[in-house]
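Here is a short briefing on one protein model. Please keep the sequence and the structure in view while reading.

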Amino acid sequence: MAEANRLHFNEEAPTYDSKHSRLIERLTKEIRSRLDWIGVDWAAVDDDDDDSSEDENTQGDKTGPSQPRKEVRLLDYACGTGMMSRALAPYTTQCVGVDISENMVAAYNSRAENQGLSRDEMYAVIGDLITADGPQLLDVLEDPRLFGFDVATVGGGLHHFADPELAAERLAERLRPGGVLLVWDFLPHGPHQHSANYGVMHHGLSEERVRAMFERAGAGKGFSLQVLGSGFSPGHEHDKEVMRRQVFLARGEKST
């Protein structure tokens, strides 16, 4: 299934952002409106950010007056083109993406470069934290700099993983004590006729399963799940009305 996901998202990469633009915009606003709830001691928080566009936020914060900032490091797993990284970049000092798809990684890095961000600020690598024989350079993923993150995210990826519980464990391992695991995904829903083509392994995740997942990973402290509402569409061209889903955000802290 990992290979099926890689091939699918390699094909999706060139048009992913345009196809999912409305979903990305809505999720970005939802996430930025919940910075306090997420519970990270952010590098900077601008109350006006929610009224600005996504890229303007990221660029404006990075190119503002030079001053010392608290170091806040984000790990964006199954990063795709970088939606979670870009949503939270104004409040962090470093975003590191990891994805199984080389084309998604290339798109992520291209967008970061086009925004004038250095590799130290935002950069992605090819990797699979779940499958031992995944498409990664082991020395890259074992680099000490890929541990000790303040926040680790998965944006809409858990339902593509054969073992989302293991993924949560692997991400928690890379958090510093007290770091936050943050995910968004879909609540349980019925199967869709094209699910197999999209590498879908789970037709949503219940709050009970997500809570148990966080607790098993050692990131269950202060667990909270918020439902963002219905009407979210993954953006596939087939039967968009049928594809509407309820989306949740969940967060929890790694035990100290």
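Buried residues account for 54% of the 256 residues in this predicted model. The fold holds ten helices and seven strands. Among contacts with a separation of 6 or more, 71% join residues 24 or more positions apart.

**Surface and confidence**
- The accessible surface is about 11,700 Å². Carbon and sulfur atoms hold 47% of that surface.
- The average pLDDT is 82, and 73% of the residues score at least 70.
- Over residues 237-242 the pLDDT falls below 50. The model gives this stretch nine contacts beyond near neighbours in sequence.
- Residues 193-197 also stay under 50 in pLDDT. For them the model has five contacts beyond four places in sequence.

**Helix H9**
- Is helix H9 enclosed or open to the outside? Seven of its ten residues are buried, so helix H9 (residues 164-173) is largely enclosed by the rest of the structure.

- Ala 78 sits in the loop that runs from strand S1 (73-77) to helix H6 (83-88).
- Its phi is near 55 degrees, a positive value in a residue other than glycine. Most residues other than glycine have a negative phi.
- Ala 78 is partly exposed, at 21% relative accessible area.
- Cys 79 is buried at 6% relative accessibility. Cys 95 is buried too, with a relative accessible area of 1%.
- How many disulfides does the whole structure contain? The search finds zero.

**Val 98 in strand S2**
- Val 98 belongs to strand S2. Its relative accessibility is 2%, which counts as buried.
- Val 98 lies 19 residues from Cys 79 in sequence. Their C-alpha atoms are 5.8 Å apart.

**Second largest pocket**
- The second largest pocket holds about 360 Å³ of space.
- Its lining has 13 residues. Those nearest the centre are Gln 94, Tyr 123, Asp 143, Arg 145 and Leu 146.
- Strand S2 (94-99) supplies at least two lining residues, and so does strand S3 (122-126).

- Ala 219 lies in the loop between H10 and strand S6 (221-232).
- Is Ala 219 buried or exposed? At 0% relative accessibility, Ala 219 is buried.
- Ala 219 and Ser 255 are 36 residues apart along the chain. Their C-alpha atoms are separated by 6.2 Å.
- Leaving aside neighbours within four places in sequence, Ala 219 contacts Gly 252, Glu 253 and Lys 254, among others. Leu 181 and Phe 214 are also in contact with Ala 219.

Methods
Residues numbered from 1 in each chain as written. Predicted model: local features only at pLDDT ≥ 70, side-chain atom pairs only at ≥ 80, totals over all residues. Heavy atoms only, no water. Helix = DSSP H or I, 4+ residues; strand = E, 2+ residues; numbered from the N terminus. Buried < 20%, exposed > 50% of the residue type's maximum accessible area, 1.4 Å probe, protein only. Contact = heavy atoms within 4.5 Å. Areas by Shrake-Rupley, 256 points an atom, 1.4 Å probe, with all protein chains shown as cover. Disulfide = S-S within 2.5 Å. pLDDT = per-residue confidence, 0-100. 1 Å grid on protein atoms, 1.4 Å probe; cavity = no way out; pocket = protein on both sides within 12 Å on 5 of 7 lines; lining within 4 Å. Points joined across faces, edges and corners; volume = space filled by probe spheres on them.
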